Amino acid sequence: MREIMIQVHNLHKSFKDNDVLEGVGFQIHRGEIFALLGSNGAGKTTIINILSTLMKPDKGDVNVCGYDVLRQPERVRQSISLTGQFAAVDGILTGWENMMLIARLRGVKKPNAVADHLLERFGLSEAADKRAAVYSGGMTRRLDVAMSLIGNPDVIFLDEPTTGLDPESRIEVWKTVKELSENGTTILLTTQYLEEAEQLADKIAILHGGKVIASGTLEELKKLFPPAKKEYIEKQPTLEEIFLAIIGPEKEEAQ
């Protein structure tokens, strides 16, 4: 039986009179890529912030790598890495200096070699000695993702990691995510690109109305979709069609 790396039960979070999370629950096993889907404002980033100890839950049990996020936040932070919606890159430093800063903070062995390897892997070697402030949006995002891989964390949170990337860079991030999963890293991914979830996720959860209203593999979610119409060929539903069918057109328009 595979080890459970993330366990969420009855998670609640409100902001003033707005109930964002109302009893969310799910679990993620070691090496899984778990995609969390939902409309804007559904609470995806709130979940990421709670799991990464940046925000406290109002209620619920949340464990990451076997540690409680409220009672053992430092242990959680030592085991995870986070790439948020906005790149955590210091524009005054060069790309290489940004990498070295994180490598030294994480206490990795041979930080120079680690920095050089990841910069090359993300196509940033030629720009390594340039200040990050002059990087394009895509280059900045690639640097941010590369920084999150330093130290080989057990769990990586990727909050819309490919936003603003060109297709080639997006595919490179996908390849990296798959390699990490194959090597045992657990990944929680939020994305606005449903194709991204189709390509990467072992399991998918749809967040709507403060709750997880559907979860499972892509094949399991397809069973929730009306039977395919047979004309000349049988058309399989896309994840986008499944997502809209589950939350309902009226609910989607209300977001």
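The second largest pocket is lined by 17 residues, and Leu149, Gly151, Asn152, Pro153 and Leu180 are those nearest its centre; by pocket I mean an open set of points on a 1 Å grid over the protein atoms alone, with protein on both sides within 12 Å along at least five of seven lines, and lining residues have an atom within 4 Å of a point. Please keep in mind that this is a predicted model, in which local features need pLDDT of at least 70 and side-chain atom pairs count only at pLDDT 80 or more, while totals for chains, interfaces and linings use all residues. Residues are numbered from 1 along each chain as its sequence is written, and side-chain values use heavy atoms, with hydrogens and water left out.

Helix 4 gives the largest share of that lining, four residues, where helices are DSSP runs of H or I with at least four residues, strands are runs of E with at least two, and both are numbered from the N terminus.

Turning to the largest pocket, Ile80, Ser81, Leu82, Ile102 and Arg106 lie nearest the centre among its 17 lining residues, and strand 6 (80-83), helix 3 and helix 5 each give two or more residues to the lining.

Definitions and conventions
1 Å grid on protein atoms, 1.4 Å probe; cavity = no way out; pocket = protein on both sides within 12 Å on 5 of 7 lines; lining within 4 Å.
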